[in-house]
Amino acid sequence: MSFKALSEPYQNSGSQKRDHNNHCFFLQSWTTRSSPVSKMTTLEDTDMHTFGTELPAMFDGVKLAAVATVLYIIVRCLNLKSPTAPPEITCQDTPLSRYLLKSCPMLTKEYIPPLLWGKSGHLQTALYCKMGRVNTPTPCGVRKFLPMHDGATASFDIFEARGEHSTGDDITMVICPGIGNHSEKNYIRTFVDYSQRQGYRCAVLNHLGALPDVELTSPRMFTYGCTWEYAAMVGYIKRAFPQTSLVVVGFSLGGNIVLKFLGENRSNQDRVLCCVSVCQGYSALRAQETFLQWDQCRRLYNFVLADNMRKLILSHRNTLLRLNFSNIGDADLGRLYAATSLMQIDDCIMRKFHGYSSVTEYYENESCVRHIHKITVPLLLVNSSDDPLVHQSLLAIPRTLAEKMPNTTFALTHHGGHLGFFEGAVLFPEPLTWIDKVIVEYTDAICHWEKKRPACQRSSHPGIDSCLQSTALTPSG
């Protein structure tokens, strides 16, 4: 139909209706083509349709980027790309060291932690702190109490061997746990059970004030380097079992105590076959300086440890304040409530148990670094590179000692955290850890080494220090 026809009269109603409809359609089409606003609306509708089809693809890209970021963080935090390797061993080339490396394959082969999380020192440490160990056994022991000269009461548990040792000898492990720990902790129970099955009697010190159901009998708790309770336990074992030889074992803070005990008095090394120290920092003064740093979240660990220590001290506040000869007052407890670091707690409470005038003096006198060079029995020092509590700078102490002393072996693992050292394939750890096996393996090797030595050179002889030095420096025949 032409535009001209629209101006002519309609012939009938039917044609009029059809022409009217055609007329409206034509005008609508003409208006749409002629209006710029209509053209813009059409373009906008087309763009929105195009953007709508691209929106899911954009969201998919964001999701992929988020997943990639999370995976990157997981790989970095879990340290998944870190390779497994044998421990780094530092020692002098002596007949004893060659014998130990040959007899202790755990020290020369790869330590393989659980694949998904075991390469993270933080997760190893966290699992140790929360669980201790998995499928923990419950060894049966006898608890002993000994009165101390200042009115305190030392306590320790004795666990008899569940078989004969491979040498046929009577050997007792005298064990000192970590800070605020005791014989009921899972990692101690696991190690004791394994040692019992290998023919060792075990004696485990309960740190003064650590047992929840044992009250203090004097205004004093355990401290970083006080060896009084440990010395009392060792003395009791020597008297009760006159034929036994001793293996000294210390975990974390306990490692500092046992090394200080052996080094501060030469007679303390009598009848001692060897000593093993695990995951300690060697110098309290230098360690506390690193505890104030944020790398490896060390400042956060410091806060958590301080909080646990504060709760332990406050659980005995009635005893600490009630006794007339206590050095702790209400002002000290007030400072304790506000403390956010171990150094602050040591300054307001711990140093006063032994009358130190400053926390610096307390750290200098309580650290084993002043005594460790006096130890002459075979000594194994174990640390982990990813231990978040022990700064790398502190590891120069055991490394230097092992380079200078023929009786010392320093083993540094790449993974393990603080007292973790879990082993496993992918996800689930094994009940027995790498460090449990290493301690027993090293001790077995030393026991057999001592068994083959001349009687004048064995550890029960007063001249053990000179005999060991000459043996270590004499070429093997």
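Reply: Happy to! Let's start with a term: a salt bridge is a side-chain nitrogen of Lys or Arg within 4 Å of a carboxyl oxygen of Asp or Glu. Keep in mind that this is a predicted model. In it, K437 and E423 join their side chains in a salt bridge, 2.9 Å from N to O.

Me: Where do K437 and E423 sit in the chain?
Reply: K437 belongs to helix α15, while E423 lies in the loop between β9 (408–413) and α15. The two are 14 residues apart, and the pair links distant parts of the chain.

Me: Is E423 buried or exposed, and why?
Reply: E423 has a relative accessible area of 12%, and buried means under 20%, so E423 counts as buried. K437 is partly exposed, because its value of 22% falls between the 20% and 50% cut-offs.

Me: Why would side chains like that pair up at all?
Reply: Side chains of opposite charge can pair when their charged atoms come close.

Me: How many salt bridges are there?
Reply: The count comes to 22 salt bridges. One of them joins the side chains of D169 and K451, at 2.8 Å from N to O. That pair links distant parts of the chain too: D169 is in the loop between β3 and β4, K451 is in helix α15 (residues 434–452), and they are 282 residues apart.

Me: OK, new topic. What can you tell me about strand β5?
Reply: Strand β5 covers residues 201–206, and six of its six residues are buried. Both of its faces are covered: R201, A203 and L205 are buried on one side, and C202, V204 and N206 are buried on the other.

Me: What does R201 pair with?
Reply: The side chain of R201 meets that of E160 in a salt bridge, 3.1 Å from N to O. R201 is in strand β5 and E160 is in the loop between β3 and β4, 41 residues apart. R201 is buried, with a relative accessible area of 7%, whereas E160 is partly exposed at 41%.

Me: Which strands does β5 pair with?
Reply: β5 runs antiparallel to strand β3 (residues 153–159), joined by five bridges. Within that pairing, S155 has N206 as its bridge partner. β5 also pairs with strand β4 (residues 171–176), in the parallel sense over four bridges. There, I175 stands opposite V204.

Me: How does the chain get from β4 to β5?
Reply: The chain goes through helix α5 (residues 186–197), and this β-α-β crossover is right-handed.

Me: What about β6, then?
Reply: Strand β6 (residues 245–251) is mostly covered, with six of its seven residues buried. β6 pairs with β4 in the parallel sense over six bridges, and I175 has V249 as its bridge partner there. So what does I175 face? V204 in β5 and V249 in β6.

Me: And what is opposite V249 in β7?
Reply: V249 stands opposite V276. β6 and strand β7 (residues 272–278) pair in the parallel sense over six bridges. Between β6 and β7 the chain passes through helix α7 (residues 253–264), in a right-handed β-α-β crossover.

Methods: Residues numbered from 1 in each chain as written. Predicted model: local features only at pLDDT ≥ 70, side-chain atom pairs only at ≥ 80, totals over all residues. Heavy atoms only, no water. Buried < 20%, exposed > 50% of the residue type's maximum accessible area, 1.4 Å probe, protein only. Pairing = 2+ DSSP bridges. Right-handed = clockwise from strand over helix to strand, strands pointing away.
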